[in-house]
Amino acid sequence: MQAPSIWQWGQENKVYACMMVFFLSNMIENQCMSTGAFEITLNDVPVWSKLESGHLPSMQQLVQILDNEMKLNVHMESMPHHRS
């Protein structure tokens, strides 16, 4: 099976291909961020909303939020279930 022509072009023009991937990914990122929506969910539970908070989390905030949520999930799973 022959490789796709875009792959062959990328192999022959690596610098241009890398630049194109960089600019296209930036364009996609900017388009996604311009909508104002940035939501993070963990196990179908929302843990961050840019629309509610008004800003994006820093990397440290994001790691702390996910760490806290994961610890909470582990704690909740280890608790005995009571039936009424």
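## Basis of the model

In this predicted model, local features need pLDDT of at least 70 and side-chain atom pairs count only at pLDDT 80 or more, while totals for chains, interfaces and linings use all residues. Residues are numbered from 1 along each chain as its sequence is written, and side-chain values use heavy atoms, with hydrogens and water left out.

## Fold and burial

The protein has four helices and two strands, in the order α-α-β-β-α-α along the sequence. Helices (H or I, at least four residues) and strands (E, at least two) are DSSP runs, numbered from the N terminus.

Of the 84 residues, 13% are buried. Buried means under 20% relative accessible area, exposed over 50%, and partly exposed in between (1.4 Å probe, protein chains only).

## Nonpolar patch

A nonpolar patch on the surface includes W7, F22, F23 and L24, and its residues together have about 1,300 Å² of accessible area. Patch residues have over 30% relative accessible area and no salt bridge, and nonpolar side chains (Val, Leu, Ile, Met, Phe, Trp, Tyr) are joined within 5 Å. A salt bridge is a side-chain nitrogen of Lys or Arg within 4 Å of a carboxyl oxygen of Asp or Glu. Areas come from the Shrake-Rupley method with a 1.4 Å probe; for residues, only the protein chains shown count as cover.

Helices α1 (5-12) and α2 (14-34) each give two or more residues to the patch. The largest share, nine residues, comes from α2. L24 lies in α2 and is partly exposed, at 41% relative accessibility.

## Aromatic pair

There is one aromatic pair. F22 and F23 form this edge-to-face pair, with 5.3 Å centre to centre and 70° between the planes. Rings of Phe, Tyr and Trp (its six-membered ring) pair if their centres lie within 6.5 Å; planes under 30 degrees apart are stacked, over 60 edge-to-face, and the rest tilted. F22 is partly exposed at 46% relative accessible area, whereas F23 is exposed at 52%.

How values were computed:
Patches are made of residues with over 30% relative accessible area and no salt bridge: like charges are joined within 9 Å, nonpolar side chains (Val, Leu, Ile, Met, Phe, Trp, Tyr) within 5 Å.
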